[in-house]
Amino acid sequence: MPLTIIHERWKCIGCGSCVAVDPDRWVMADDNFADLKESTHTKVPEGTRETRDVEDVGMSQEAADICPVNCIHVKKK
Ligand code: SF4
């Protein structure tokens with residue numbers, strides 16, 4: 001099922017949980033906040049939004065569920 005993963009990066013506190021559960025799609029960046037790998041970066045008033053379309057959910061729902069600040073979202077396309 002086609003999905004879009006959305007990361008509201010400005011909310012990230014750099015806890016690393018998403019990288020721990022879904023290292024195929026998440027990585028800690030040099031600024032110690034998470035990056036969604038292979039994502040498109042869009043500037044919005046709050047900061048940077050990262051989005052990536054995927055065909056399978058993989059561990060991304062787990063990453064969204066574990067994020068303590070609820071800045072990862074998985075939506076059906
Ligand atoms: S789980 Fe959320 S707050 Fe923690 S590093 Fe990942 S995106 Fe940032």
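Thr 4 finds its bridge partner in strand S5, and that partner is Asp 53. The pair belongs to a run of 6 bridges that join strand S1, residues 3-8, to strand S5, residues 47-54. Please keep in mind that this is a predicted model.

- Strands S1 and S5 run antiparallel to each other.
- They sit within an open sheet of 4 strands, whose order is S4-S5-S1-S6.
- The pairing in this sheet is antiparallel.
- Strand S4 (40-44) and strand S6 (72-76) are the edge strands, each pairing on one side only.
- From one strand to the next, the twist averages 25 degrees.

**The chain as a whole**
- The protein chain holds 2 helices and 6 strands.
- Read from the N terminus, its elements follow the order β-α-β-β-β-β-α-β.
- The radius of gyration is 11 Å, close to the 11 Å that the globule rule gives for 77 residues, so the chain is as compact as a globular protein of that length.
- Along its principal axes, the C-alpha trace spans about 30 × 25 × 20 Å.
- Of the 77 residues in the protein chain, 23% count as buried.
- Take the contacts between residues at least 6 apart in sequence: 61% of them join residues at least 24 apart.

**The ligand and its surroundings**
- The ligand is surrounded by 13 residues.
- The closest of these are Cys 12, Cys 15, Cys 18, Ala 34 and Cys 67.
- Sorted by class, the shell has 10 nonpolar and 3 polar residues, with no charged ones.

**A look at Glu 38**
- Where does Glu 38 sit? Its place is in the loop between strand S3 (34-36) and S4.
- Is Glu 38 buried or exposed? Glu 38 is exposed, because 10 other C-beta atoms lie within 10 Å and a residue counts as exposed at 12 or fewer.
- Glu 38 and Cys 71 are 33 residues apart along the chain, and their C-alpha atoms are separated by 17 Å.

Key: Residues are numbered from 1 along each chain as its sequence is written. This is a predicted model: local features need pLDDT of at least 70, side-chain atom pairs count only at pLDDT 80 or more; totals for chains, interfaces and linings use all residues. The radius of gyration is taken over C-alpha atoms; the globule rule is 2.2 Å times the number of residues to the power 0.38. A residue is buried if 20 or more other C-beta atoms lie within 10 Å of its own, exposed if 12 or fewer, and partly exposed in between; C-beta atoms are placed from the backbone. Two residues are in contact if their C-beta atoms, placed from the backbone, lie within 7 Å. A residue is near a molecule or strand if its C-beta atom, placed from the backbone, lies within 6 Å of it. Ala, Val, Leu, Ile, Met, Phe, Trp, Tyr, Cys and Pro count as nonpolar, Asp, Glu, Lys and Arg as charged, and the others, Gly among them, as polar. Two strands pair if DSSP finds at least two bridges between them. Axes are lines fitted to C-alpha atoms, for helices over the stretch in contact, and angles run from 0 to 180 degrees between N-to-C directions.
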